[in-house]
Amino acid sequence: MPKSKRNRPVTLSKTKKKGREHKESIVNSIRDAVEKYNSIYVFSFENMRNLKFKEFREQHKLTSRFFLGSNKVMQVSLGRSAADEIRPGLHKVSKLLCGDAGLFLTNLPREEVERLFNEYEEYDFARTGTTATETVELKEGPLEQFTHEMEPFLRKQGMPVRLNKGVIELVSDFVVSEEGKPLSPESARILRLLGTKTATFKLHLICRWSPEDFELYREGLEDSDVESA
């Protein structure tokens, strides 16, 4: 009987070496990009959608470079203190790489970058566990957007429905989602069926670095916070 591939031993030293080489490759890529582009931005994101982000990145690949991944690796790439930063002032950028954040290196003018990020907004279906941004309520009565075959499925999602002459109808008002509360799996499925997109994928600029200056965008951050971080 052939041996299962899952039972084959794995040499930990090899996996550690591969992981280290991958990190070193990222560090080198970021450092090369620092030399190539005129300015560096830290940005944060909410409701990340990988396909949408990939499209956005492709649109600007001729003038810019994005990096997402381990914040620690990106910090090491730039330098985590004034003593080891690869360009003067980059340790300030490094300190702001926390949470859901990434690097954007570009040759685009500042005004163009600010416009791109401020205007970027993509709507999508909310996922299970995300906080509802609005209250969605269905009123008692017929649900003509659904075929009669969906009645059992809707009932399994907790909706008070029945068939009336081949038409699905709600026997009472039903709250699908409530603003400020996390979405259940059932709520997320119903919103998708309704075609209701309540999640917004957004990008927010946090700071900008150039050889000449450093600028903070995010409210609540001050230069003292960066220096002491």
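So, how many aromatic pairs does the count come to? Twelve, if we pair rings of Phe, Tyr and Trp (its six-membered ring) whose centres lie within 6.5 Å. Take F56 and Y120: their ring centres are 4.5 Å apart and their planes sit at 50°, so this pair is tilted (under 30 degrees would be stacked, over 60 edge-to-face, and the rest are tilted).

Quick word on the source: this is a predicted model, where local features need pLDDT of at least 70, side-chain atom pairs count only at pLDDT 80 or more, and totals for chains, interfaces and linings use all residues. Residues are numbered from 1 along each chain as its sequence is written, and side-chain values use heavy atoms, with hydrogens and water left out.

Back to our pair. F56 belongs to helix α2 (residues 50-59), while Y120 is in the loop between α5 (110-119) and β4 (121-124), so the two tie together parts 64 residues apart in sequence. Helices here are DSSP runs of H or I, at least four residues, and strands are runs of E, at least two, numbered from the N terminus. Both F56 and Y120 are buried, meaning under 20% relative accessible area with a 1.4 Å probe, protein chains only.

Now zoom out: F56 and Y120 belong to one aromatic cluster, with Y41, F43, F53, F66, F104, F117, F201 and Y217 also in it.

Last one: what lies over the face of F125? That's K197, at 5.5 Å from the ring centre. The rule for a charge over a ring is NZ of Lys or CZ of Arg within 6 Å of the ring centre and within 35 degrees of the ring normal.

Conventions:
Buried < 20%, exposed > 50% of the residue type's maximum accessible area, 1.4 Å probe, protein only.
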